[in-house]
Amino acid sequence: MSVSDMTASGTANVGGYASPVVVRAEDVSKRFVIRKEKSLKERVVNFGRSQKHKDDFWALRNVSFEITAGTTIGLVGANGSGKSTLLKVLGGIIEPNGGFVQRRGRLAALLELGAGFHPDLTGRENVYLNSSILGLTRKQTDEYFQSIVDFSEIEEFIDTQVKFYSSGMYVRLAFAIAVHVDPDILLVDEVLAVGDEPFQEKCMAKIKEFQQEGRTIILVSHSSGQVEALCDRVLVLSHGNVIFDGGAPEGIAALRESFEH
Amino acid sequence: MTTVAQERAERLAELPFEVSVSAGPKSVGGFVASIREIAAHRQLLDLLIRRELKSRYKDSSLGFVWSLVKPLVQLLIYYVFIGTVLQASRGVPDFAIFVFSGLTLWGLYSETISTGTASIISNGGLIKKVYLPREIFPLASTGSAIFNFLVQMVVLLLAIIVLGQFPVSWNLLYVPVAVAVVLIWGVTFAVLLSALNVFLRDIQYLVEVVMLLLFWASPIVYSWSFVVKAVGSHTWLLDVYLLNPISLAILAFQRGLWQAGSQTRVIDTNVIPPQPWPADMNLMLGGAIVVGLVALFFAQRIFSRLQGNFAQEI
């Protein structure tokens, strides 16, 4: 949908009721400076010529879009096209150089493995720490604790330090926490591929449930099948630009086309 | 009939849009916004402090005892070698209390700064993956430094009581003021240096060296009267010495807890007059607090400017 469909209060009509905008990116740009030398000696030797040793790299250029509540949106694109950077900007982890991101509602991010786990603490301690990071109070965590452990299916290891966990166990626990903090917006970056098949199915079921409950899901994925099955909107990125914004099947087609160039 | 999704949509429509703090208001408004954000995360701060304390001595059987061993060994070294062998204790009554009170307060300062400086880097895993007010990491290091300080403080007070030297006087009020000065300046440097350390990793090594220097630039193992004597007629040097807020705080702390320093004592046949405490100490302490708060404000503003790039630099 185009911006002109929005009413002044930033809502759009979807499925018979007003669906508010929850994430708004306005002209977001992100530049990375790649410095090739790092040590003092190299800096002194190259002093004055250091401009030559700096490379600019625009990970995102003038990206603007709005996401309304209840949408599942897929960010797709080739490696290095800016998907993960965009997700991090949306999550407030990286500040853009230009433009801004506005959002509302509770946000949970599942970026890479076990975000925020401390290797020396036990699973139990990490559950409390992680839920607190994601915005739960201690009392709420007490309430959800059993349910988190049940979902992750790693009850017998919950009092083991997480440095002894396998990567699958990490992801199980991280995912279980993220889905229990009652997020309005869930950011998912390629993490679902790690668990075994039954767990992946469980995650998919949970995501479907989330969709029913009107939560907004933003996911980065290289799996066209997954994107087509879950997303009702796809943003295709290429070299930091949004080259397509629309329905999932068309988005996948646009992605394939961009690979051929 | 309203569905779950509809209820959620209605609730979300009511919420105001948030922008991240560094994109928000600048200067004083931004400072207040940051403080508010940190206050909203105080439960997390509490958990992070616990995590820091727990993980430090994880898997060691003595655990917390180790945090006491280092200052006690330091005390022993200074007591035996500086106090007895070099005979400093002949000019400083109750030398053990004197040294340990200085070491305790210095420990708070140096631990706040050295662990604070490394805090952003060592929590890189979190910073790269979730948004939190990042000031929370140097503050968590400060929290664990405060915990260790309190443990040492208990030992110090016990020792003072056992030796029958408990200073019941108005001078005790210097203790909280001294701690406040140390905390304000400690947090200021921890916040500032933790941010700079992300971009220039040399900072954390530099800090170690500078802290070593500063230790000897404060009256911890030698008393204030030694300084006054050494300076002689160049009294302006004393003012320079006291420009360091930590020297001042340590003096105030000793004035509060080290009773013998404010009395005339006799060691062997040596008559030792009370310490010549600086005349306008109260004023200077007030100044150290006010200037410290201003410095803290600027440190937080610099931190706030730099934090946008943390996630990509770590």
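The legends below describe close-up views of a predicted model.

Because this is a predicted model, local features need pLDDT of at least 70 and side-chain atom pairs count only at pLDDT 80 or more, whereas totals for chains, interfaces and linings use all residues. Residues are numbered from 1 along each chain as its sequence is written, and chains are lettered from A, with ligands numbered from 1, in the order in which they are written.

**View 1. Chain B as a whole.** Chain B has 14 helices and two strands, these being DSSP runs numbered from the N terminus, with at least four residues (H or I) for a helix and at least two (E) for a strand. Its C-alpha trace spans about 95 × 50 × 40 Å along the principal axes. Of its 314 residues, 40% count as buried, a term used when 20 or more other C-beta atoms lie within 10 Å of the residue's own, while 12 or fewer make a residue exposed and counts in between make it partly exposed, with C-beta atoms placed from the backbone. Among the contacts in chain B with a separation of 6 or more, 81% join residues 24 or more positions apart, a contact being a pair whose C-beta atoms, placed from the backbone, lie within 7 Å.

**View 2. Phe253(B) and its surroundings.** Phe253(B) lies in helix H12 (residues 245-257) of chain B, and it counts as buried because it has 24 C-beta neighbours inside 10 Å. Leaving aside residues up to four places away in sequence, Phe253(B) touches Ser101(B), Leu105(B), Tyr174(B), Val175(B) and Ala178(B). Pro176(B) is 77 residues from Phe253(B) in sequence, yet the two are 8.2 Å apart in space, C-alpha to C-alpha.

**View 3. Helix H8 of chain B.** Helix H8 (residues 174-199) of chain B has 26 residues and reaches 38 Å from its first C-alpha to its last, close to the 38 Å expected at 1.5 Å a residue, where the expected span is 1.5 Å times one less than the number of residues. Because 21 of the 26 residues of H8(B) are buried, this helix is largely enclosed by the rest of the structure.

**View 4. The packing of H4(B) and H5(B).** Helix H4 (residues 65-85) and helix H5 (residues 95-122) of chain B pack at an angle of about 135°, with their axes 10 Å apart; the axes are lines fitted to C-alpha atoms over the stretch in contact, and angles run from 0 to 180 degrees between N-to-C directions. H4(B) and H5(B) are therefore oblique to each other, since angles under 35 degrees count as roughly parallel, over 145 as roughly antiparallel, 65 to 115 as roughly perpendicular and the rest as oblique. Residues making the contact include Leu75(B) and Tyr78(B) of H4(B) and Val99(B) and Phe100(B) of H5(B).

**View 5. Two residues of chain A with positive phi.** Asn62(A), found in strand E3 (residues 54-68) of chain A, has phi near 45°, a positive value in a residue other than glycine, and is partly exposed, with 14 other C-beta atoms within 10 Å. Glu153(A), in the loop between helix H4 (138-152) and helix H5 (167-180) of chain A, has phi near 60°, again positive in a residue other than glycine, and is partly exposed, with 15 other C-beta atoms within 10 Å.

Technical notes:
Two residues are in contact if their C-beta atoms, placed from the backbone, lie within 7 Å.
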